[in-house]
Amino acid sequence: MLAGTGLLLSGLGLNSVGAPLRERGRVLLKGFSDLPKGLQEAIEFPLLEAIYGRRSRRFFMGAEIPDGPLAYKSEYDPMPLSELEQMMVLTAVGGNTGWHHLIFRHKKYAPHLSNYAGAAGGRTFPSSAGFHTSEFFYTDDDGVYFFPTRDAKSLVTKDEEASFDLKFWLDTHKGRIRKLSDRRLYLPAEEPYMEGHNTWVANKPGTTLIVPIADLAQHELAIFCFLVQNGYCVYDDFNKQQIPGMDKFRHLVNVDSPYPLSFMERYTLTEATVELSAACYAGALTLQATGLGGWMYDGIDPYTVLGASGNPDIPGLGFRFDTDDRWALPNFTGLPGVFEAFCPPHYPNMRAAVEAFALRKFGPGGPFNSETPGPFKETSRVRGSAQVHSEEFKDCVAHMAQYVYDKFGKFPGTIPSVFNLMYLQAHHLDLKFYDTFFTPGSYLDSHRRHMELWHS
């Protein structure tokens with residue numbers, strides 16, 4: 001059962017804190033000083049307990065619900081996450097977990113290796129065909145930060161018995177963090193900047209708020225490449241017309257049976273949404289293992305977060321955006337020098353953006369560069385077997401992409417160039433609130449013992 005004492009798995013050979021660490025392939029805790037007992041228990045925490053015990057636990061230390069049947073004022077001051085707690089959550093959401101294993105075969109262009117992936121590294125969450133177009137920002141009491149892992153090489157080190165060095169992993173990820181501001185991201189606790197039901201809890205002192213953001217322009221380019229590799233193209237069903245000039249690519253793609261642009265743009269948005277959400281879910285499971293409160297949600301206005309609130313006193317993350325009479329909403333394209341979508345104005349045209357995407361795949365550090373290390377016994381041979389995009393191939397992809405940009409004034413044409421939806425918040429729970437209003441079982445044993453195991 002799920003209760004304050006945890007998930008009971010008697011008879012399955014598990015101890016009181018979960019499965020014993022394996023003799024091989026275990027997590028190493030060498031190098032830590034003043035190691036909290038909670039870290040060991042988090043490592044051993046049963047996956048099923050994290051899944052079955054996951055809840056949105058919103059009431060944090062320092063919180064207040066001023067009215068209604070659950071009116072309560074915390075008697076504690078807000079308590080920020082420790083550096084170790086924060087890094088455990090951040091790396092769970094967006095951490096690099098070693099080398100991406102790629103897609104082994106496609107009969108249409110065998111013996112070449114499938115060359116869909118955009119990154120050589122794998123992360124804690126899946127990405128469609130290994131495109132990996134998202135990156136991560138976060139904010140806490142001390143500032144706003146960028147946490148890039150999309151194009152990292154493997155940040156994992158293991159010993160000869162395949163044991164995982166956790167301290168190296170956390171330290172290496174910490175070294176990638178880039179501070180953007182010395183102040184918490186300002187998100188007014190009122191509508192329309194956030195949903196009314198979140199105004200009492202979202203982004204409050206003591207909390208860490210993680211913001212995954214996807215580059216939909218790059219993601220759609222990856223999908224266009226996928227289409228051309230498989231002999232397909234798109235037509236503009238919004239304007240009920242074929243893309244002019246596609247006949248010159250007839251030997252590459254089936255010009256007579258194209259995919260509707262509306263379908264491919266919906267595909268782009270959906271795939272990226274899954275990527276952002278899966279990342280947050282990995283973090284939500286880690287909250288259960290570490291005994292932290294928090295939840296994943298989408299109840300903060302994305303335009304306020306990125307920087308188009310309509311109020312100059314609320315700059316958000318400061319992303320660049322454009323407006324156009326053809327669009328109902330502003331279109332973000334990136335934060336210059338930090339996170340830039342693969343489209344104008346960050347590239348002079350879509351042909352340059354396609355070239356940049358090809359460089360990401362086949363250039364130094366890319367998944368299909370024979371000099372990039374990897375997980376295979378003959379990594380150079382495997383990576384080098386992928387077919388490099390020809391100039392004509394890139395011309396075909398760029399021709400369609402440039403048409404979309406010219407016709408709609410942006411790329412993609414009907415969805416944002418940069419997109420955010422889901423957030424993960426982490427904080428310390430005020431268990432007295434739950435003991436006051438809930439029956440036993442509203443939190444896990446990891447929550448009950450968190451202060452003892454992590455902060456005593």
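Me: Which residue just after α6 takes a positive phi?
Reply: Helices are DSSP runs of H or I with at least four residues, numbered from the N terminus. Helix α6 spans residues 261-290. The positive phi just after α6 is about 80°, and it belongs to Gly-291.

Me: What is the mean pLDDT of the protein?
Reply: In this predicted model, local features need pLDDT of at least 70 and side-chain atom pairs count only at pLDDT 80 or more, whereas totals for chains, interfaces and linings use all residues. Residues are numbered from 1 along each chain as its sequence is written, and side-chain values use heavy atoms, with hydrogens and water left out. pLDDT is the predictor's confidence in each residue, from 0 to 100. Of the residues, 94% reach 70 or more, and the mean is 93.

Me: How many of the 30 residues of α6 are buried?
Reply: Helix α6 reaches 44 Å from its first C-alpha to its last, close to the 44 Å expected at 1.5 Å a residue, where the expected span is 1.5 Å times one less than the number of residues. Buried means under 20% relative accessible area, exposed over 50%, and partly exposed in between (1.4 Å probe, protein chains only). Helix α6 is largely enclosed by the rest of the structure, because its buried residues number 21.

Me: How far apart are the closest N and O atoms of Asp-171 and Lys-167?
Reply: A salt bridge places a side-chain nitrogen of Lys or Arg within 4 Å of a carboxyl oxygen of Asp or Glu. Asp-171 and Lys-167 are four residues apart in helix α4, so about one helical turn separates them. Asp-171 is partly exposed at 39%, and Lys-167 is partly exposed at 25%. The closest N and O atoms of their salt bridge are separated by 2.6 Å.

Me: Is Arg-150 buried or exposed?
Reply: Arg-150 forms a salt bridge with Asp-151, the closest N and O atoms being 3.7 Å apart. Asp-151 is partly exposed at 45%. Arg-150 has 9% relative accessibility and therefore counts as buried.

Note on methods. Helix = DSSP H or I, 4+ residues; strand = E, 2+ residues; numbered from the N terminus.
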